Amino acid sequence: MTHLAATAGSAASSALAWLCIAAVVALIVGGYLASCAVWPFANCRKCKGLGRFHAPSGRAWRRCRRCKGTGARLRTGRRVINHFRRLRADANR
Ligand SMILES: [Zn+2]
C-alpha cells in the first residue's frame, strides 16, 4: 500500500517536472519568436553587419555577396514565422 502510493506520487511529480520543463521551453521559444517578430534582422555572419569586407589584396572593399551589401540577414526564427504566415495566407486563399 505504501509502495503503491509512493510510485503514484513519484509519477505525478515527474509528470509535473516535465510540465515545468515544457512550460520553460515554450516560454523561451515564444520569447525568441517574439524577439524575431520585433527584430527580424541580425548581422550578416560573413561580413559582421558591414555589408562589405576587405579584398584579400590591397585596400579595396568588396560587397558582401551573402547579404548583397545590406549587412543584415533574416533570423532563423523570423524565417519560421514567415513560413507559417505564408502557409496561413495560402490556406485562406
Ligand atoms: Zn554580409
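1. Order of elements. Read along the sequence, the protein chain runs α-β-β-β-β-α. That pattern holds two helices and four strands. Helices here are DSSP runs of H or I with at least four residues, strands are runs of E with at least two, and both are numbered from the N terminus.

2. Ground rules. This is a predicted model: local features need pLDDT of at least 70, side-chain atom pairs count only at pLDDT 80 or more, and totals for chains, interfaces and linings use all residues. Residues are numbered from 1 along each chain as its sequence is written.

3. Confidence. The score pLDDT is the predictor's confidence in each residue, from 0 to 100. Its mean over the protein chain is 89, and 91% of the residues reach 70 or more. Among the elements, helix H1 (residues 2–38) has the lowest mean, 86. Strand S1 (residues 41–43) has the highest, 95.

4. Overall form. The radius of gyration of the protein chain is 24 Å, whereas a compact globule of 93 residues would have a value near 12 Å. This radius is taken over C-alpha atoms, and the globule rule is 2.2 Å times the number of residues to the power 0.38. Along its principal axes, the C-alpha trace spans about 80 × 45 × 20 Å.

5. Burial. Of the 93 residues in the protein chain, 6% are buried. A residue is buried if 20 or more other C-beta atoms lie within 10 Å of its own, exposed if 12 or fewer, and partly exposed in between, with C-beta atoms placed from the backbone.

6. The annotated stretch. An unreviewed UniProt entry places the feature "transmembrane region" at residues 15–42. UniProt positions are given in the numbering used here, feature names are shortened, and annotations may be inferred rather than shown by experiment. In the model, residues 15–42 are 86% helix and 7% strand. The end C-alpha atoms of this stretch are 38 Å apart.

7. Helix H2. This helix covers residues 76–92, 17 residues in total. From first C-alpha to last, H2 reaches 25 Å, close to the 24 Å expected at 1.5 Å a residue. The expected span is 1.5 Å times one less than the number of residues. How many residues of H2 are buried? The count is zero, and H2 is hardly covered.

8. Two lysines with positive phi. Lys48 sits in the loop between S1 and strand S2 (52–54). Its phi is near 55°, a positive value in a residue other than glycine. Lys68 lies in the loop between strand S3 (61–63) and strand S4 (72–74). Phi of Lys68 is also positive, near 55°. Why does Lys48 count as exposed? Because Lys48 has 11 C-beta neighbours inside 10 Å. Lys68 counts as exposed because it has 11 such neighbours inside 10 Å.

9. Lys46. This residue is in the loop between S1 and S2. Lys46 has 15 C-beta neighbours inside 10 Å, so it counts as partly exposed. Leaving aside neighbours within four places in sequence, Lys46 is in contact with Cys64 and Arg66. Contact means that two C-beta atoms, placed from the backbone, lie within 7 Å. Lys46 and Cys64 are 18 residues apart along the chain, and their C-alpha atoms are separated by 7.6 Å.
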